[in-house]
Amino acid sequence: MGGTRAFLRDIAKKYFAVGIVGVTVSDRYASVVSVRGSSMSPTFNPGTNANDYVLVEKFCLQNYRLSHGDVVIFCSPINHKENHIKRIVALPGDWMGNDALDDLLYVPEGHCWVEGDNSASSLDSRSFGPIPMGLISGRVTHIIWPPHRIGRVGRPDNHRELRLP
Amino acid sequence: MTFLRSVAKEALDHMVSVTKYLCCLHIANTYACTLTLVSGPSMLPTLNLTGDLLLVERVSHKMGKVRPGDVVLVKSPVEPRKNLAKRVIALEGDKVTSFVDPLTSDQSKIIVVPRGHVWIQGDNLYASRDSRHYGPVPYGLIQGKVFCRLWPLDSFGSLDK
């Protein structure tokens, strides 16, 4: 009887240790996230069946060294309880070409412009404006599920940002 | 051979304990409360110019319990690597009367704080860059609520409103 209790306590301690190490690694270094919705189709969730799982790295948050075309996860500026995944289209200091209004938009310091790859059904900076980079919580590097789509997450084909000399 | 092996095992055990301790520290720091040193003139007279050690709790802002009048730690919308201590003046939906520039003119405008945002200001209006300059900031930038001051000791305790 005493032996089983000690054994169970041992297992519980190991689970606890794995748990706290897992939470720490997931917060500071890299984690796995499931993608919901079709705003990043066809990069993520091209069909309607299962959700993609992606690898998110947090090393980029040390210095916020992000580039155009990076897919990032950020806290929604409209609802702090939600997180979104979108692609960075413009960085601080860029001028964005706005085809609809035929003028230019300046991305202020510390902010970036994010858009979903599926423009038709994406709630992004075109609705809520540029977002402060402090809302970003990680950068997506790879798709890790489903198996036939495992691979690096790359750039889209069209670059729509316009930079003045 | 066995002496080296036992030394290696003991070193590994120590490393495992240190790792577990650091992970517990990370979890307490991120989910419970954290210490932070703030300095600068923007929150005078509430916070000192040369530095205050503050205890910041990380629970109530996640539950949406931030209220006007709270001093919060917020990531700067202009420099994401910096954290600022500012006071929350208004929540989403509230109206704020903001002076365009308190030093030069009396012009003011009324701004409605958009959904998911808060209006933050430093207590020292003349030496603070805050929502009057860069607009309302998203709630998601709030890192925690300042709970009490630990240093300097002569002003130990909760901050005055």
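Start where the two chains meet: 22 residues of chain B are in contact with 22 residues of chain A. Keep in mind that this is a predicted model. Together the two chains bury about 1,900 Å² between them. Of that area, 68% is on carbon and sulfur atoms. Which residues of chain B lose the most area to chain A? They are B:His26, B:Pro80 and B:Arg81. Together those three make up 24% of what the chain B side buries. And how many salt bridges are there between chain B and chain A? The count is 0.

Where does A:Met133 sit? In the loop between strand S8, residues 131-132, and S9 of chain A. Buried or exposed, then, for A:Met133? A:Met133 counts as buried, because its relative accessibility is 5% and the cut-off for buried is under 20%. One distance for scale: A:Met133 and A:Trp95 are 38 residues apart in sequence, and 17 Å apart in space, C-alpha to C-alpha.

A:Tyr64 is not a glycine, yet its phi is positive, at about 55°. Find A:Tyr64 in the loop between S2 and strand S3, residues 71-75, of chain A. At 11% relative accessibility, A:Tyr64 is counted as buried too.

There is another positive phi to look at. A:Asn45 has phi near 50°, and again this residue is not glycine. A:Asn45 lies in the loop between S1 and S2 of chain A. Its relative accessible area is 4%, so A:Asn45 is buried.

What does A:Ser41 contact, leaving aside its neighbours within four places in sequence? The partners are A:Pro46, A:Asp117 and A:Asn118. A:Ser41 has 15% relative accessibility, so this serine counts as buried.

Now the peptide bonds. In chain A, the bond from A:Trp145 to A:Pro146 is cis, with omega near 10°. A:Pro146 is in the loop between strand S9, 136-145, and strand S10, 151-152. In chain B, go to B:Trp151 and B:Pro152. The bond from B:Trp151 to B:Pro152 is cis, with omega near 5°. B:Pro152 lies in the segment after strand S9, 142-151, of chain B.

Last item: empty space. Rolling a probe the size of a water molecule over the atoms shows where such space is left. Look at the second largest pocket, which holds about 390 Å³. It is lined by 20 residues. Which of them are closest to the centre of the pocket? B:Ser39, B:Ser42, B:Asn83, B:Leu84 and B:Lys86. Strand S4 of chain B, residues 83-90, gives the largest share of the lining, with 4 residues.

Over to you for discussion.

Definitions and conventions. Residues are numbered from 1 along each chain as its sequence is written. Chains are lettered from A and ligands numbered from 1 in the order in which they are written. This is a predicted model: local features need pLDDT of at least 70, side-chain atom pairs count only at pLDDT 80 or more; totals for chains, interfaces and linings use all residues. Side-chain values use heavy atoms; hydrogens and water are left out. On a 1 Å grid over the protein atoms alone, a cavity is a set of points where a 1.4 Å probe fits but cannot get out, and a pocket is an open set with protein on both sides within 12 Å along at least five of seven lines; lining residues have an atom within 4 Å of a point. Grid points are joined across faces, edges and corners, and a volume is the space filled by probe spheres set on the points. Helices (H or I, at least four residues) and strands (E, at least two) are DSSP runs, numbered from the N terminus. Buried means under 20% relative accessible area, exposed over 50%, partly exposed in between (1.4 Å probe, protein chains only). Contact means heavy atoms within 4.5 Å. Buried area is the accessible area (1.4 Å probe) that two parts lose on being put together, summed over both. A salt bridge is a side-chain nitrogen of Lys or Arg within 4 Å of a carboxyl oxygen of Asp or Glu.
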